[in-house]
Amino acid sequence: MVEKLIRMASPVNSSEFPVKADVISFTQNLAISLFPIIEGSRTTPPSYRKLKKKFKRIVKPVCKEHHLKNDELVDSFFGKLKEIKQQLDIDAKFLAANDPAASGVDEVIMAYPGFYAILVYRIAHCLAEIGIPIIPRIMSEHAHSHTGIDIHPKAKIESEFFIDHGTGIVIGETTVIGKRVKIYQGVTLGALSVSKDKASTKRHPTIEDDVIIYAGSTILGGETVIGHDSVIGGNVWLTESIPAFSMVYHESKVVIKERKNNNK
């Protein structure tokens, strides 16, 4: 019975899938190539030629399975790396400028999990946009396991983007995030329903420009729009839209009582 279940769970042909370890290694090497300082001063970045050769090998089984043109997709992706680097430079500067604890951009690049999550997201998002399946999700789950930040590669996030601390952040597949948005740990931008028949619909919220969302807040629903220049306080639960320049906060009551001595 166990053997039967294992056979049922196993893919028919594993050669149709990329090697997960190779995808993660490529992601890490591409990060070093874009930002050599990310692993320290003694790191030698791999050449684009070697990275491109490796990536062609990684995507080959996926392209074959989905009838995609390997060389064209790889060339398209590598042609967009300059734009990705420019976006990430802006993100890093925005993080450094808005976190009082940051000593500078170099510290953000080397040490901030939020920046690493954004870096991997922008790479994975580009791949998803040009139609490469599976690999973007492997990349995003690598970043998730590494940082505790879960950003779906198909979410749409403008620059400049700020994640501070970051642990526990979830940004769903159809989320749209505008410019200069700041998000803190434990924030969920999710769906009201996880029904499979809604897979092709917009299920996650839209966050307009210059919004701040503080720790522990949950914003749900594809029709939910957070108007620009709004502030969402900590631990807020939102399932409806709010206008621009709003301030939303959760009121909690803290009760302090005197303990009885109990003759101690």
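Domain bounds here come from an automatic or database domain assignment. On that basis the protein is divided into domain 1, residues 14-148, and domain 2, residues 155-250. The model is predicted: local features need pLDDT of at least 70, side-chain atom pairs count only at pLDDT 80 or more, and totals for chains, interfaces and linings use all residues. Residues are numbered from 1 along each chain as its sequence is written, and side-chain values use heavy atoms, with hydrogens and water left out.

**The two domains**

Begin by colouring residues 14-148 and 155-250 separately, as domain 1 and domain 2. Their C-alpha centres lie 24 Å apart. Where they meet, 15 residues of domain 1 and 18 residues of domain 2 take part in the contact (heavy atoms within 4.5 Å). Together the two domains bury about 1,400 Å², of which 56% is on carbon and sulfur atoms; buried area is the accessible area (1.4 Å probe) that two parts lose on being put together, summed over both. How many salt bridges are counted between domain 1 and domain 2? The count is zero, a salt bridge being a side-chain nitrogen of Lys or Arg within 4 Å of a carboxyl oxygen of Asp or Glu.

**The sheet**

Next, display the strands. Helices (H or I, at least four residues) and strands (E, at least two) are DSSP runs, numbered from the N terminus. Five strands form an open sheet with parallel pairing, in the order β1-β4-β7-β10-β13. Two strands pair if DSSP finds at least two bridges between them. Select residues 150-151 and 237-238 to see the edge strands, β1 and β13, each of which pairs on one side only. Then move to β10, residues 218-220, which two bridges join to β13 in parallel. Thr 218 has Trp 237 of β13 as its bridge partner.

**Arg 122**

Now select helix α7, residues 113-129, and find Arg 122 within it. Is this side of the tour buried or exposed at Arg 122? Arg 122 is buried, at 4% relative accessible area; buried means under 20%, exposed over 50% and partly exposed in between (1.4 Å probe, protein chains only). Leaving aside neighbours within four places in sequence, Arg 122 is in contact with residues including Asp 91, Glu 158 and Phe 161.

Finally, select Cys 63 and Cys 126. Zero disulfides are counted, a disulfide being a pair of cysteine sulfur atoms within 2.5 Å. For Cys 63, the nearest cysteine sulfur is that of Cys 126, 14 Å away. Cys 63 is buried at 2% relative accessibility, and Cys 126 is buried at 8%.
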